[in-house]
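Here is a short report on one protein model and its ligand.

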Amino acid sequence: MSLADAITRLDYRPRDFLPGHVWLAGAGPGDPGCLTLDVLSALTDADCVVYDALVSEAVLEIARGAELHFAGKRGGKPSTDQEDITKRLIGFAWAGKRVLRLKGGDPYMFGRGGEEALALVREGIPFRVLPGLTSALAGLAGASIPATMRGINKAVVLATGHAAGTDEDLDWAALARTGQPVVIYMGLKNLPIIAAQLAAGGLAAETPAAVIEHATTPRERVVVATLGTLAEEAARADIGAPALIVIGGIVSMRAELRR
Ligand code: SAH
C-alpha cells in the first residue's frame with residue numbers, strides 16, 4: 001500500500017486553516033518522519049511560515065509555496081526579539097494570512113509557545129496549537145536510550161539548563177536527590193555547572209550520562225560518558241548545539257539496545 005493510500009484509509013480530515021488564523025506548531029526534532037499529519041497538512045496550506053532555527057530544511061521544503069520567514073533566536077538574546085516575533089505573527093494574521101508558526105520539537109516545550117499563544121489571546125487572534133514530538137523523547141529513543149525502564153526509573157525529569165549558575169536557576173541538587181534521570185535542553189554551555197551541582201546533590205560521579213547532538217538527523221552524534229566526565233568528553237568531541245544532555249541509569253541501556 002502506498003503512503004497516500006494509507007492516509008486515505010486513515011480517513012484523516014485536516015481542519016480548515018482559515019485566513020487570519022495562526023497555528024502554533026511543532027515540527028519535531030528534525031527527522032521529517034517525526035512530523036505529525038496535522039503539521040504536514042498545515043505546511044501544505046499555510047500562506048506564511050514563521051520558523052525557528054531548529055526547524056530542518058527538509059521540513060521547510062514542504063512549504064515551498066508559502067512565504068518563509070526566519071524567526072530564529074540563538075542563545076539567550078534579549079526578550080525584544082521575542083516581542084518582535086509576536087508582533088510579526090499578529091501583523092500577518094491581521095493581513096488575513098494563514099500563519100503557521102513552526103518551532104522545533106513541541107511548541108509548548110521550552111519553546112516560548114505559551115508566551116506567543118498568550119499574545120494571540122490578548123489580541124483576539126484565533127489560533128490553534130499543533131503538538132510536535134519533543135526532542136528529548138524522540139532524541140532518546142533515536143539514541144537507543146529508553147526514557148523509562150523498569151527497575152531503573154519511575155520518572156524522568158525534563159529540564160532546561162539555560163539558567164544554570166544564575167539566580168533564576170532550578171535546584172539541581174533537589175533533582176539529584178530524586179534519583180530519577182534528568183534530560184536537559186539548552187544545557188550544553190552550562191554542562192560543567194550542571195554536572196557539579198548534580199554531584200553536589202549526591203549523584204555519583206559514575207552515573208551514566210550522554211549528550212546527543214542533532215538528534216534524529218543525519219548529523220546525529222552521541223557521546224556516552226559519566227556524570228564526572230561528560231563535560232570533558234563532550235568538549236573533546238567538539239559537540240555543539242542543538243544538543244540534549246541525559247544523565248541517569250537509563251543511559252546504560254544503550255550499550256545493549258543500540259542499532
Ligand atoms: N521546543 C523544543 C525545544 C526548544 S529549546 C522541543 O520540544 O524539543 C532548544 C533545545 O532543544 C536545544 O538547545 C536542544 O537542547 C534541544 N533540541 C531541539 N532539537 C534538538 C535536536 N534535534 N537534537 C538535540 N537537541 C535538540
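## Ground rules

Helices (H or I, at least four residues) and strands (E, at least two) are DSSP runs, numbered from the N terminus. The model is predicted: local features need pLDDT of at least 70, side-chain atom pairs count only at pLDDT 80 or more, and totals for chains, interfaces and linings use all residues. Residues are numbered from 1 along each chain as its sequence is written, and side-chain values use heavy atoms, with hydrogens and water left out.

## Two domains

The protein chain splits into domain 1 (3-133) and domain 2 (136-257). These bounds come from an automatic or database domain assignment. Taken over C-alpha atoms, the centres of domain 1 and domain 2 are 28 Å apart. Domain 1 gives 7 residues to the contact and domain 2 gives 10 residues. Contact means heavy atoms within 4.5 Å.

## The ligand site

Where does the ligand lie relative to domain 1 and domain 2? Both domain 1 (3-133) and domain 2 (136-257) give residues to the shell around the ligand, so the ligand lies between them. The shell holds 17 residues, and the closest are Met109, Thr134, Ser135, Ala215 and Ala243. A residue is counted as near if one of its heavy atoms lies within 4 Å of the molecule. By class, the shell has 11 nonpolar, 5 polar and 1 charged residues. Here Ala, Val, Leu, Ile, Met, Phe, Trp, Tyr, Cys and Pro count as nonpolar, Asp, Glu, Lys and Arg as charged, and the others, Gly among them, as polar.

Polar contacts are pairs of N or O atoms within 3.5 Å; within protein, one must be able to donate a hydrogen and the other to accept it, and residues adjacent in sequence count only if both atoms are side-chain atoms. A backbone N or O atom of Gly104 sits 2.9 Å from a ligand nitrogen. A polar side-chain atom of Ser135 is 2.7 Å from a ligand oxygen. A polar backbone atom of Ala243 also lies 2.7 Å from an oxygen atom of the ligand. Taken alone, the ligand exposes 540 Å², and the protein buries 92% of that. Accessible areas come from the Shrake-Rupley method with a 1.4 Å probe; for residues, only the protein chains shown count as cover.

## Helices and their cover

Buried means under 20% relative accessible area, exposed over 50%, and partly exposed in between (1.4 Å probe, protein chains only). In helix H2 (residues 37-45), the buried residues are Val39, Ser41, Ala42 and Leu43. Their cover includes strand S1 (22-26), helix H3 (57-60), strand S4 (99-103) and strand S5 (127-130).

Helix H6 (residues 135-142) buries Ala136, Ala138, Gly139 and Leu140. Among the elements covering them are strand S6 (157-160), strand S7 (182-185), strand S8 (208-213) and strand S10 (243-247). An α-helix has 3.6 residues a turn, so residues three or four places apart point the same way.

Thr86 is part of helix H4 (residues 80-94). Is Thr86 buried or exposed? Thr86 is buried, because its relative accessible area is 10%. The Thr86 side chain reaches the backbone oxygen of Gln82 at 2.9 Å. Leaving out residues up to four places away in sequence, Thr86 touches Glu116 and Ala119.

Ala196 is in helix H8 (residues 191-200). At 47% relative accessibility, Ala196 is partly exposed. From C-alpha to C-alpha, Ala196 and Met149 are 26 Å apart in space, and 47 residues separate them in sequence.

## Backbone exceptions

Most residues other than glycine have a negative phi, and most peptide bonds are trans. Asp11 is not a glycine, yet has a positive phi of about 55 degrees. Asp11 is in the loop between H1 and S1, and is partly exposed at 48%. Phe110, also not a glycine, has a positive phi of about 50 degrees. Phe110 belongs to the loop between S4 and helix H5 (113-123), and its 35% relative accessibility makes it partly exposed.

Just after H6, Ser144 takes a positive phi of about 60 degrees. Which residues does a cis peptide bond join? The cis bond joins Ala241 and Pro242, with omega about -5 degrees. Pro242 lies in the loop between helix H9 (230-236) and S10.
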